[in-house]
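Please look through the two chains shown below before reading on.

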Amino acid sequence: MDNIEKKLLTKRFGQIDPLSIDDYIAKDGYAALQKAVKITPAKIVDSVKASGLLGRGGAAYPVGLKMEAVQKAKSPEKYLICNADEGEPGNFKDRYLMENDPHQIIEGMVISAFAAGATKGYMFIRGEYSRPIYIMTNAIKAAAEKGYLGQNILDSGLNFEIELYTGAGSYVCGEEFALMLCLEGNPGRSTFKPPFPTTEGLYNKPTQINNVESFANIPHIVLDGAEAFAKIGTEHSKGTKLISLCGNVRSKGLYEVPFGVTIRDIIEKLGRGVAGSGIKMVQLGGASGSCLPANMLGLALDYKEMADDDLTFGSGAIIVMDDSIDVLDIVRNTLEFFRHESCGKCTPCREGIEHLVILLDKFIEGVATKKDLELLETLIETIKQTSICGLGQAAPTSLRTTLKYFRKEYTSKIKKHHAKVI
Amino acid sequence: MQAKEIAQRKGKTPDRLISILMEYQKSKSRNYLTSEDLKAVAGEMGLPESRVFSVASFYSLLNTEPKGKHIIQICRDVPCYVNGSFNIREELENALQIYIGETTKDGLFSLEYTSCLGYCELAPVIRIDQKIYGNLTSEKLVEIIAGYRRT
């Protein structure tokens, strides 16, 4: 079988001891930073823009544009945040990056700080990630001892430190504003946008906040050049993507592939297919992602191709489910997740999800009517359109996409005849 | 350990609040903070009690009710669910003789659900205190629980 993997961010995995900065340095580590401080911040921003790197946390916003916005912002203090609050069900890629090659992330952050003019960095890791917290703490200390963090880094004039903060159990804190509120010592409840973090972020200062995988890409762009980076992938999606492959596949695990490979190839060639009789459904991105039937798995991992079908692959989880599952049961499980994780601030999310569950239960119990189906679809749209943050907006996605691709599962549960009221 | 000590060591700026509460809780035998504890932290940090209470009640790793010495969390999200987390819950309920959400009479274990722990490649997964256990089977669960009972 041909190998569809492409190892860029994972190429040092298993080759180095994550607790040894010398191992990292021996494998081209911090060479990109050495190169970066000899060029101008503006040129680094141009290079990141030219690379076509899109944010890997799920929203796919161009990383170079965030960097540029912070660079152009006028403020004596600017912050950089690495979002390692990986809580989307099905995702574990950031954990692998932190556990296996922590300095790659730190190097990406320092280069970004140099480019954006950030004065302080924050690493925000979810509280449940005990081992990543331990490894990143060690790596930050080692980087500071070697002079890659601190005052006048590599004689560049850059003063930059990274402080590690941990979450305390809250999915919504992966959302950037909730995360920043958590960093400031508050409950993580999202706020309206704009303003965006690049103008008013942490402590109301311009802030570049990016996902772990986004930062991990930066050293490669600087070292290999934007052109070489942009050659990997497709016209609209550059580079590689880390895939958290899980569910009912035979070989669950983390894989790195260039953009453009199909979902089916990832499942069949890397995951060695499902153990059961066949694939019933695949959820892309995690709990907030779309649910697809088996006949759509020829779709390529490509931002544009997905968007054309009104789909996204979020942060790259692929949850494969075999024939033994019940679609409505899975959707209910997903909704339960959002019901629990809703921060409760805005009504569409707090109350809306509750009512989605009530309506869905009517289908599961076989007592739903046609009117319930209409109501369900109106409610889905309302929650999607009016929730403050991404959590609420994405909460009904599994419901919305299964109504589209597995509609019979719902309509077959609608009561055919109404019992007469006695 | 007292709130004062922890706050002094970590710093008293509001951004330290969550980490202070986490560490304070860890020093307690029953894994939770009382109203008195929260008031003490508020006092030390010069923050309104309401702020400290709202943080303590918002985050799922912070508890305001007594828990067992060991907290067993079962992931209930789809990647674990399709790999048999439902069975894991039943097995643990039987082994501990409590329902999910409860604490054993001897105060040794609490059993609760958690949102995704980020170890989906090892599904089904549970977390006990700081430690992750994956690829669980009935036999493994029995061993794990027995191990905690011995210590």
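## Sheets, domains and contacts

In chain B, B:Ile74 stands opposite B:Ile126, a residue of strand 3 of chain B. Strands here, like helices, are DSSP runs numbered from the N terminus, with at least two residues (E) for a strand and at least four (H or I) for a helix. The model is predicted, and local features need pLDDT of at least 70, side-chain atom pairs count only at pLDDT 80 or more, while totals for chains, interfaces and linings use all residues. Residues are numbered from 1 along each chain as its sequence is written, and chains are lettered from A and ligands numbered from 1 in the order in which they are written. The model scores ipTM 0.97 and pTM 0.96. Chain B averages a pLDDT of 96, with 99% of the residues at a score of at least 70, where pLDDT is the predictor's confidence in each residue, from 0 to 100.

Strand 1 (residues 70–75) and strand 3 (residues 126–128) of chain B pair in the antiparallel sense over three bridges; two strands count as paired if DSSP finds at least two bridges between them. Both strands belong to an open sheet of four strands in chain B, whose order is 2-1-3-4 and whose pairing is mixed. Strand 2 (109–114) and strand 4 (131–133) of chain B are the edge strands, each pairing on one side only. Helix 6 (residues 85–96) of chain B lies across strand 1, strand 2 and strand 3 of chain B, running at about 155° to strand 1 of chain B. Such angles run from 0 to 180 degrees between N-to-C directions, and the axes are lines fitted to C-alpha atoms, for helices over the stretch in contact.

Chain A has an open sheet of four strands in the order 5-2-1-6, with parallel pairing. Its edge strands are strand 5 (162–166) and strand 6 (207–211) of chain A, each of which pairs on one side only. Strand 1 (residues 79–84) and strand 2 (residues 120–125) of chain A run parallel and are joined by six bridges, and A:Asn83 stands opposite A:Phe124 in strand 2 of chain A. Helix 8 (residues 176–183) of chain A packs on the sheet and touches strand 1, strand 2, strand 5 and strand 6 of chain A, its direction making about 105° with that of strand 2 of chain A.

The domain bounds, which come from an automatic or database domain assignment, divide the chains as follows.

| Chain | Domains and residues |
|---|---|
| Chain A | domain 1 (21–230), domain 2 (240–322), domain 3 (327–411) |
| Chain B | domain 1 (3–58), domain 2 (70–150) |

The C-alpha centres of domain 1 and domain 2 of chain A lie 27 Å apart, and those of domain 1 and domain 2 of chain B lie 28 Å apart. In chain A, 13 residues of domain 1 are in contact with 14 residues of domain 2, contact meaning that the C-beta atoms of two residues, placed from the backbone, lie within 7 Å.

Between the chains, 29 residues of chain B are in contact with 40 residues of chain A. On the side of chain B that touches chain A, the elements giving two or more residues are helix 2 (17–26), helix 4 (49–58) and helix 5 (78–81) of chain B, and helix 2 of chain B gives the most, with four residues.
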